[in-house]
Each structure stands twice: as structure tokens, then as C-alpha cells.
Number of protein chains: 2
Amino acid sequence: MKIGIVGLGLIGGSLGIDLRRLGHRVIGISRKKSTCIRACEMGAVDEADVEPSLIKDVDVAFICTPLGVMESVVEEIIPYLKPSAILTDVGSVKEPIVEAIGTVWTNYVGGHPMAGLSENGIDSAVANLFKGAPYVLTPTDATTPSECVSVVAEIARDLGSIVYTCSPSEHDRAVAWISHLPVFVSASLIEACLGETDESVLKLAKHLASSGFKDTSRVGSGNPELGVMMAVFNKVAILHSLGRYRETLDKLISRIENEEWEALGHGLDENQIARPEFLRLSVSEGE
Amino acid sequence: MKIGIVGLGLIGGSLGIDLRRLGHRVIGISRKKSTCIRACEMGAVDEADVEPSLIKDVDVAFICTPLGVMESVVEEIIPYLKPSAILTDVGSVKEPIVEAIGTVWTNYVGGHPMAGLSENGIDSAVANLFKGAPYVLTPTDATTPSECVSVVAEIARDLGSIVYTCSPSEHDRAVAWISHLPVFVSASLIEACLGETDESVLKLAKHLASSGFKDTSRVGSGNPELGVMMAVFNKVAILHSLGRYRETLDKLISRIENEEWEALGHGLDENQIARPEFLRLSVSEGE
């Protein structure tokens, strides 16, 4: 197939590397000429340009830009797409994106390959980024052509991903829990510690912090722009998760205040038992 | 020196291995005969017994039991200690322990070697557990003999630890931030996720959880008994940290509710900048 990739960063570039290896012809579109040149040099694309017209005869196009510009980028390329072209995106929030793109293009299915690295940009693109990772597809029962879902699912499986299918809302609520909530819980930990007003205690805390603090604070100090985009695009689900989290925290604080040690221990027991359920190896649920 | 270790678990056993290697004669006391035998077999002690009288002529005694029994264990051994013997402990909370032991023994200095493994018990004891780790000593200005602090500090440095000295209260407030707060923040994350009432969303969340959830939830699913002990012994400092954390979380929730994206991004920026200050290599501050 001839496949277009719009947005040549970590995800777009890594997709290109794998898709070319799978025998597809890959066309790249980027706003920056220098990124187009670098993507060609790296073998992430067969050709690339800043001109959206290059996309004109692709069979499938992946939108791999940041969430904030997906809608405008799609509007820019659709005049050049052939009517049978299948459009998909890799955005980490689905409901608003699916709503926006689904309205302007029929052969569209939202997608979210759940792979990433701490680096960004074309230079961080690598082969096999998606191998073994979940790849969520979010067709809307009413309007998404099943042919379109099948084609993108097959590509995702060829990449080595484990394909899950659900509604855009289910996706957004699930990632709010396990991907977005951890970011804000973790960020608040760092910020709260910085609020210590006794300088000697803050200094000592910085010296004594070790693996527990390191792990719990990691995702809260990631790309700030990405954190804001999560909140902007997944506001409702994130506020729901944060609200539940706050209730949980209040219950825990009240147990400590009232010295309800047995209840506190029981809660910690249950968490210890439950956590492995979130960390089992992903198993394909079919498509 | 002749050194006694009361409580032969991970910390007591690992201490014994290193102290023997450093040329000290190590006496072990444990409630269980089987632990005494195992500690001897492993070379963690020169001799060990369930009888506290074995401690009678040690120069230094390390109390390495769980926090909950330290006070009673000390009461059991002091009739056998020679008056010049130096007593120290390895408890992860200092104010109540220092208060309790300091009252019944003059030559006492509280300590906290900040090393650990996820395993417990004598079988998990290893050499060099304390190498490169902070070792906090908490003399009380008024009463702790300086000779006593010097002796324990020298042993800690011989173990390869980086020695910090502060008041029991400073210690407890610092570890509340970077060691105890992360446990409760992390535990609440798991518990909040389990509160999702839509079964399909909860199932999907469990399938999609990856490194972000894994890291942020790790310390919250540790030993529940240890979590309760932290809260029991460090209640005031933990409640203070949890209160500040909750205020920080409220501010973050309100920023998302009110779509104050710039302020949200600014906060995340500051966290990203601040986190490395908590993760620099520990540098000796002198003793």
C-alpha cells in the first residue's frame, strides 16, 4: 500500500520505519523542510515534503501531529485525498478528535498506539516501537465503515501491536485512570514537597529522596505541554478521575486522623492484591 | 568492637554481614531459634540466641526490630547491657522512638539507614546494603553524649553510608515528604482506579496500564504493615504532608475546571525543573 504520515515526530517517524520494512511505500508530510530531509535520510519515509498535495494518492493516511493541530491538519489534507483513502490518527485522547475528523471524512477510524519514549522528534524515531504495545481503535458504531477498521487493525497487528477496540468515550475514561491521572497525582507530589517552608527540612528531604520518590514523581515531571493537552482534550474524564482520587485520599486522611489502623491496613492490603491486575502482560482481545 | 544486633531481618542481617567483614565480633538476638541458626549459617553473626542475656558485654547494640516492638525490646535488653554500652536503632521514624529509648538509656543515639529491598527477613540479608545510602543520625542536642554519636557515625561511614545529622523532628518531617507521602499518594491511585464502576472501562484500563501507572503505583502496593506503622509512628508529619498534598491537588483540579491552561502548564514546568533536585547523588554533609 501507499501510506501517508502527516507529522514526522517520534510516533510518525517510528511508524514510517516499520511500515517501509513491511513493504509499504511511505509518504511523509511535515511543516519543517529540515524534518522532511532528516526523515528521508533516516529511512523513515520514501519521500517527504512540506506540501500537503504529496498525500494525493495514498491508500491510508496516519495523522501523527500533536492533538492541538490535528483538526486543522486534516482540513488541510482532505482536498488532496482520494475518496477511498482511509484516515486514522494516533492521538492520545479520542472523543473530541473522533468527533472532529469523523465529521469531515467518512473512511476514518480513530486510533491510539500506546507506545512512547521520553524523547520526542524525528531523531528519536526507532524500529519496533509498537511491538507488544496496545493499539486502541475507536470506531463509532454508527458511522465507521468496517472495512476501514479492518485495514487499520491489520496494519497495527503487522506492527506487532495488540489491538483493542472500544468506543472513543471508553478509551478516554480508561486512559484518564491509568495514563492521565498518574501524571497529575505525580506532579502534585513534587509540587506539594516544594511547599515545605522549613528550609532545613526541604534540603534534608532532597538529600534523602530515593527510589520511592523517584518512581512516584517520574510521570509528573514529563513534557508539560503534553500534560496540558491531556487536560484540555480529556477534561471531563480527567476531572472525574481526579474527583474520585480526591475522595479516596480524603478517606485515607480521615483513617489516619481517627487512627483507624485496621481499616488503613485493609485498604493497603487490597491495593497490594489489585495492582498486579493492572500489570499483567496485555493479551489480545481480538479486534 | 563487640556489636550486638537485636532483630535479625533484612537490616539486622545485612548489618551483621558487613560488620563482621569489618572485623567486629557480632552477637545476634532474635525471637526465633530458627532465625538465630540461619543467621549463623549465613555468616551474618558470630553467635546468636533467643536469650537477651547474650548481649551482656557488647560495646554497641543496634535495635533492628519493627518499630512497634522497639520499646519493649529495649526494656528487655537493658538489664544486661554494661553501663558504657552505646545503643542505637534503625527505625524509619525517629521522634517517638528517640523519646522512648532516650528516656531509659543515656548512651543512645537514634539512627535510620535509608536502605532496603522489597524482600524481608534474614534470608534476604546481603552484603553492602548500606553502601552509598544515606544514614541519618538524630541526637537530641540536650542529652545525647557526643562520643556516642561519633562511634555510631564512624560505623555508618565504615558501612559506606553517607551520614546526615539532624533532629528527630526534622528527620520525621523530611521522610514524611519523600518516603511516606509517596506511599499514600501511590496507594490512593490504585484504590481510586478500582472505584471505576463501568466494568468495561475498568477492564480496558487494566489492559492499557503501562510504565506510567506501574511506576506511580509501585510504592503504594508495598508491605501494608509497614504502611500502617509509618502512619502510627509518624502521624503528625504525615497528616501535615497529606494536607499540603490535598491543597496542591485542589489547586490543580480547580485549574482544570476553570481551564486555566497557562497556570497548569506553568506548574508542570516548575515540577519538571525541580524534580532533579530530589534525585541528585547524595553528597556527604559531614556528620
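Let's start with one residue, B:Y245. Leaving aside neighbours within four places in sequence, B:Y245 is in contact with A:V185, A:S188, A:L189, A:A192, A:Y245, A:L249, B:L181 and B:V185. Contact here means heavy atoms within 4.5 Å.

Before going on, some ground rules. This is a predicted model, where local features need pLDDT of at least 70 and side-chain atom pairs count only at pLDDT 80 or more, while totals for chains, interfaces and linings use all residues. Residues are numbered from 1 along each chain as its sequence is written, chains are lettered from A and ligands numbered from 1 in the order in which they are written, and side-chain values use heavy atoms, with hydrogens and water left out.

Back to that tyrosine. The largest nonpolar core has 84 residues, and A:Y245 and B:Y245 touch the most other members. Helix α6 (residues 168–194) of chain A gives the most to this core, with 14 residues. A nonpolar core is a set of buried Ala, Val, Leu, Ile, Met, Phe, Trp, Tyr and Cys residues joined through side-chain atoms within 4.5 Å. Buried means under 20% relative accessible area, exposed over 50%, and partly exposed in between (1.4 Å probe, protein chains only). Helices (H or I, at least four residues) and strands (E, at least two) are DSSP runs, numbered from the N terminus.

Now the two chains together. How are they related? Chain B can be laid on chain A with an RMSD of 0.0 Å, by a turn of 180° and a shift of 0.0 Å along the axis. That is the relation of a two-fold axis. In chain B, the C-alpha nearest the axis belongs to B:T216, 2.1 Å from it. The superposition is by least squares on C-alpha atoms of residues with pLDDT of at least 70 in both copies.

Next, the interface. The contact takes 89 residues from chain B and 89 residues from chain A. The copies meet through the same surface, because 100% of the interface residues of chain B are also interface residues in chain A. The area buried between them is about 8,900 Å², and carbon and sulfur atoms give 67% of that. Buried area is the accessible area (1.4 Å probe) that two parts lose on being put together, summed over both.

What about charges? There are 12 salt bridges between chain B and chain A. A salt bridge is a side-chain nitrogen of Lys or Arg within 4 Å of a carboxyl oxygen of Asp or Glu. One of them joins B:D215 and A:R218, with the closest N and O atoms 2.6 Å apart. On the side of chain B that touches chain A, α6(B) gives the most, with 20 residues.

Chain A has 11 helices and eight strands. Its C-alpha trace spans about 70 × 40 × 30 Å along the principal axes. Of its 287 residues, 56% are buried.

A:S30 sits in the loop between β2 (25–29) and α2 (33–42) of chain A. Is A:S30 buried or exposed? A:S30 is buried, with a relative accessible area of 11%. Not counting residues up to four places away in sequence, A:S30 touches A:L8, A:T35, A:C36, A:D49 and A:V50. A:G195 is in the loop between α6 and α7 (199–208) of chain A. A:G195 is buried too, at 18% relative accessible area.
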